[in-house]
Each structure stands twice: as structure tokens, then as C-alpha cells.
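I opened this model to look up a few backbone angles and the nonpolar packing. My notes follow the order in which I checked things.

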Amino acid sequence: MYQEKSFTIPSATGISEETLTTHLKLYDAYVKNTNAVQATITEAEKDTTKNSSILAGLYRRISFEWNGMRNHEYFFTQFESGSHTLTESALKQSIEKTFGSFEQWLLVFKALASTRGIGWAVLYKDTLTGELFNSWIDEQQLGVYTGATPILMLDMWEHAFILDYAPAEKSKYIDALFANLNWSICEKRFSGAQ
């Protein structure tokens with residue numbers, strides 16, 4: 001059984017307390033749904049012949065719920081303890097090496113985050129090569145890269161911003177996320193990704 005994690009997120013500039021509270025309730029639902037689907041899978045696996053078609057659907061469903069749980073854990077954790085700027089760290093050096101400059105990466109990443117539709121904008125580290133790359137995850141699970149560790153994740157589903165910003169104001173939400181981001185968490189993820 002998975003347990004909901006608690007997050008210590010201070011008041012955020014440009015993100016309301018109502019949005020944060022609502023978003024955390026959604027995360028709690030992903031944890032509960034992950035546990036419920038896993039329990040149903042465990043029961044159905046007792047007779048795989050009889051339940052083969054049911055199991056096929058459940059195996060697909062669990063990846064949505066589980067990734068929804070984990071994606072949100074990455075997301076909320078990077079805002080704990082308040083905003084911290086990116087230091088002259090290994091992460092910043094890797095961003096500059098890969099994208100030419102931090103400013104160029106930020107421009108590209110914000111464009112990625114502005115993608116139409118629901119999903120996640122992610123800065124990944126390939127754990128085999130050590131290289132950084134940006135990616136878009138549709139829904140929760142479509143576009144996840146095996147062997148890559150998320151370094152920075154932005155939730156771009158409308159539930160994450162609709163109480164504060166209209167869909168046409170997505171760029172203001174993205175700016176608010178970066179204004180509140182604790183880069184030290186991202187730096188730790190980068191250095192810990194093996």
C-alpha cells in the first residue's frame with residue numbers, strides 16, 4: 001500500500017492556496033486509486049485464465065494512476081522550502097553544455113510547457129549517458145522514458161492552474177512555477193541520478 005506524502009510548501013507567488021489545496025487532493029486521489037487498482041489486480045491474478053481480459057485493462061490503468069501519483073510527488077517536492085535560485089552547480093553546467101546557455105534552455109522549456117493540451121513538461125537526465133533532454137508526457141504515462149530520471153517536472157494539466165489563470169494565460173502560470181521553484185531539489189535530483 002502506498003501512503004500519501006505530505007509536502008511543506010510555503011505560500012506561493014502567483015499560485016493561490018485554493019489551487020494548491022485542490023491540487024493536493026487530486027494527488028491524494030491518485031494514491032488511493034493506485035492502491036485500489038493494485039488490490040483489484042492482486043485479486044484478479046488469482047485466476048489469470050478467467051480474468052485475462054480484465055487484467056489487460058487493469059495493467060494499463062495502473063500505469064496511469066501510479067505515474068499520476070509519482071509525477072505529482074516530483075512536482076510538489078520541487079516547491080518545498082520555498083524558492084531557491086539555480087547555483088553554479090553541475091546541473092547548471094550540464095544545461096549550459098547541452099543547450100548553449102541557461103537562458104536558451106529556459107526559453108525552449110517554457111515553449112515546451114506551453115504545448116496545447118494536457119500533460120507534463122519534463123527535464124530529464126539519461127542515466128546511461130548523463131545527458132539532459134526535454135520531453136512532453138501526455139496524460140500521465142504516455143511519453144515516459146525508461147532509464148531517464150526527471151530533474152524538473154511542470155504539471156501542465158488545466159487542474160493545476162485553472163483557478164488562478166485562464167487557459168490563454170498559461171504562460172503566467174509557467175512564470176509563477178519558476179518564481180517558486182526550489183532549484184536545490186532539482187540539483188540534488190541531477191547529482192543523484194545514476
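I began with Glu139, which is found in the loop between strand S2 (132-138) and strand S3 (148-155). Strands here are DSSP runs of E with at least two residues, helices are runs of H or I with at least four, and both are numbered from the N terminus.

The model is predicted, so local features need pLDDT of at least 70 and side-chain atom pairs count only at pLDDT 80 or more, while totals for chains, interfaces and linings use all residues. Residues are numbered from 1 along each chain as its sequence is written, and side-chain values use heavy atoms, with hydrogens and water left out.

Glu139 is not a glycine, yet I noted a positive phi of about 50 degrees. Its relative accessible area is 35%, which makes Glu139 partly exposed (buried is under 20%, exposed over 50%, partly exposed in between, with a 1.4 Å probe and protein chains only).

Next I looked up Ser81, in the loop between helix H2 (52-77) and helix H3 (90-99). Ser81 is not a glycine either, and its phi is positive, about 65 degrees. Ser81 is exposed, at 56% relative accessible area.

Then I turned to the nonpolar cores (sets of buried Ala, Val, Leu, Ile, Met, Phe, Trp, Tyr and Cys residues joined through side-chain atoms within 4.5 Å). The largest has 47 residues, and Leu91, Trp105, Leu152, Leu154, Phe178 and Trp183 touch the most other members. Helix H4 (residues 102-113) gives the largest share of this core, six residues. Apart from it lies another core of six residues, including Val37 and Leu58.
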